[in-house]
Amino acid sequence: MTLNPQFQQIGETFVKQYYAIFDGEREGREKLVIFYHAELSLMSFEGVQVQGAAQILEKIKNLSFTKIVRAITTVDCQPTFDGGVLVNILGQLKMDEDPVHGFSQTFVLKPMNDSFYIQHDSFRLVIHNN
């Protein structure tokens with residue numbers, strides 16, 4: 001059991017890099033594939049389960065919005081017992097001309113060689129329908 005003492009820096013740096021690509025040009029989102037493992041990455045996007053880098057990238061590429069503006073409220077990081085990092089992001093985003101919505105996204109970054117890959121990625125919009 002090894003806790004990574006740099007867990008906070010690793011998590012915050014990852015969030016900046018990931019969202020810089022995701023929120024950039026729509027065509028540039030293909031670069032997100034570098035964060036995922038070919039087989040060992042799992043994504044839950046609004047309840048839809050996807051496994052593997054190619055399928056996750058396909059899901060991301062098929063999202064219908066072209067422009068996204070994101071405001072991060074908090075980035076909470078915890079070390080995992082295998083040297084990885086649990087990252088939870090809370091914030092708001094605006095897609096195209098849609099209204100602003102809250103969102104929550106959680107990542108588990110798993111160590112591999114001298115780097116990390118996204119083992120788990122769970123995303124939800126925070127929408128309350130009463």
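## Overall fold

The chain holds two helices and six strands. Helices here are DSSP runs of H or I with at least four residues, strands are runs of E with at least two, and both are numbered from the N terminus. Their order from the N terminus is α-β-β-α-β-β-β-β. The radius of gyration is 15 Å, close to the 14 Å of the globule rule for 130 residues, so the chain is as compact as a globular protein of that length. That radius is taken over C-alpha atoms, and the rule is 2.2 Å times the number of residues to the power 0.38.

This is a predicted model: local features need pLDDT of at least 70, side-chain atom pairs count only at pLDDT 80 or more, and totals for chains, interfaces and linings use all residues. Residues are numbered from 1 along each chain as its sequence is written, and side-chain values use heavy atoms, without hydrogens and water.

## Size and packing

Along the principal axes, the C-alpha atoms fill a box of roughly 45 × 30 × 25 Å. Of the 130 residues, 38% are buried. Buried means under 20% relative accessible area, exposed means over 50%, and partly exposed lies in between (1.4 Å probe, protein chains only).

Take the contacts (heavy atoms within 4.5 Å) between residues at least 6 apart in sequence. Of these, 49% join residues at least 24 apart.

## Salt bridges

Side chains of opposite charge can pair when their charged atoms come close. The whole structure has four salt bridges. Each needs a side-chain nitrogen of Lys or Arg within 4 Å of a carboxyl oxygen of Asp or Glu.

One of them joins Asp-23 and Arg-70, with the closest N and O atoms 2.7 Å apart. Asp-23 sits in the loop between α1 (7–22) and β1 (42–45), Arg-70 in strand β3 (residues 68–79), 47 residues apart. Asp-23 is partly exposed at 22% relative accessibility. Arg-70 is buried at 16%.

Glu-30 pairs with Lys-61, the closest N and O atoms being 3.7 Å apart. Glu-30 is also in the loop between α1 and β1, while Lys-61 is in helix α2 (residues 53–61), 31 residues apart. Glu-30 is partly exposed at 45%, and Lys-61 is partly exposed at 34%.

Asp-82 and Lys-110 form a salt bridge at 2.7 Å, N to O. Asp-82 lies in the loop between β3 and β4 (85–95) and Lys-110 in strand β5 (residues 101–112), so the pair ties together parts 28 residues apart in sequence. Asp-82 is partly exposed at 37%. Lys-110 is partly exposed at 23%.
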